[in-house]
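Please find below a short note on the structure. The points are numbered and may be read beside the sequence and the 3D view.

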Amino acid sequence: MKKEERLSSKDGLNALLAASNYGREKVLKYCYRTCNSLPYNRIVVTVPKRLFKRAVWRNLLKRRIREAYRLNKHILRPAVRRDGDDKWGGTDILFIYSTREVLDQDQVTAMVVSVLKKLAYHA
């Protein structure tokens with residue numbers, strides 16, 4: 001994934017959390033904000049430390065979610081800017097892993113694809 005596709009600024013995260021559009025797909029919670037006024041989508045992945053004390057497991061799950069997104073990001077296309085249109089751009093997404101069970105790559109990919117399809121339908 002390119003650096004621009006990662007959401008890391010405090011302003012961006014605050015805007016995302018203020019949007020308060022939340023959803024859940026099995027054990028994967030997500031928060032999203034459409035129309036970020038950028039020509040690409042951005043994501044953040046978090047695995048709570050209270051679920052996995054060891055960084056090895058948190059990093060493994062984050063890698064799996066990011067890889068599933070990278071392979072399927074074509075499902076969610078950014079809206080194209082039109083003259084006088086204020087609502088355009090990509091979508092900012094926060095993925096939150098919410099179970100103590102370590103799921104394999106296929107299960108994680110299925111959940112991420114389902115989330116992307118839901119968001120593409122809403123956009």
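**Notes on the predicted model**

1. Asn-41 touches Glu-5, Tyr-69, Leu-76, Pro-78, Gly-90 and Thr-91, when residues up to four places away in sequence are not counted. The model is predicted, and the values in this note are to be read accordingly.

2. The place of Asn-41 is the loop between β2 and β3. Is this residue buried or exposed? Asn-41 counts as buried because its relative accessibility is 6%, and the cut-off for buried is under 20%.

3. The side chain of Asn-41 takes part in polar contacts with two backbone atoms, as follows. It reaches the backbone oxygen of Leu-76 at 2.7 Å. A polar atom of the Asn-41 side chain also lies 2.7 Å from the backbone nitrogen of Thr-91.

4. Strand β1, residues 21-25, pairs with β2 in the antiparallel sense, over 5 bridges. One of the bridge pairs joins Tyr-22 to Cys-31 in β2. The two strands β1 and β2 form a hairpin with 2 residues between them. In the turn, Lys-26 has a positive phi of about 55°.

5. Which residues touch the most other members of the largest nonpolar core? They are Ile-65, Ile-93, Phe-95 and Val-112, in a core of 23 residues. The elements giving two or more residues to this core are β2 (28-33), β3 (42-46), α2 (55-72), β4 (92-97) and α3 (105-122). The largest share, 6 residues, comes from α3.

6. Apart from neighbours within four places in sequence, Ile-65 is in contact with Leu-28, Val-45, Phe-95, Tyr-97, Val-108 and Val-112. A second, separate core has 5 residues, including Leu-7, Cys-31, Val-44 and Leu-94.

7. Leu-7 is found in the segment before α1 (10-19). With a relative accessible area of 5%, Leu-7 is buried. Its contacts, leaving aside neighbours within four places in sequence, are Gly-12, Leu-13, Leu-16, Arg-42, Ile-43, Val-44 and Asp-92. One of these, Arg-42, is 35 residues from Leu-7 in sequence, yet the two C-alpha atoms are 5.3 Å apart in space. Another, Val-44, belongs with Leu-7 to the second core.

How values were computed:
Residues are numbered from 1 along each chain as its sequence is written. This is a predicted model: local features need pLDDT of at least 70, side-chain atom pairs count only at pLDDT 80 or more; totals for chains, interfaces and linings use all residues. Side-chain values use heavy atoms; hydrogens and water are left out. Helices (H or I, at least four residues) and strands (E, at least two) are DSSP runs, numbered from the N terminus. Buried means under 20% relative accessible area, exposed over 50%, partly exposed in between (1.4 Å probe, protein chains only). Contact means heavy atoms within 4.5 Å. A nonpolar core is a set of buried Ala, Val, Leu, Ile, Met, Phe, Trp, Tyr and Cys residues joined through side-chain atoms within 4.5 Å. Two strands pair if DSSP finds at least two bridges between them. A polar contact is a pair of N or O atoms within 3.5 Å; within protein, one must be able to donate a hydrogen and the other to accept it, and residues adjacent in sequence count only if both atoms are side-chain atoms.
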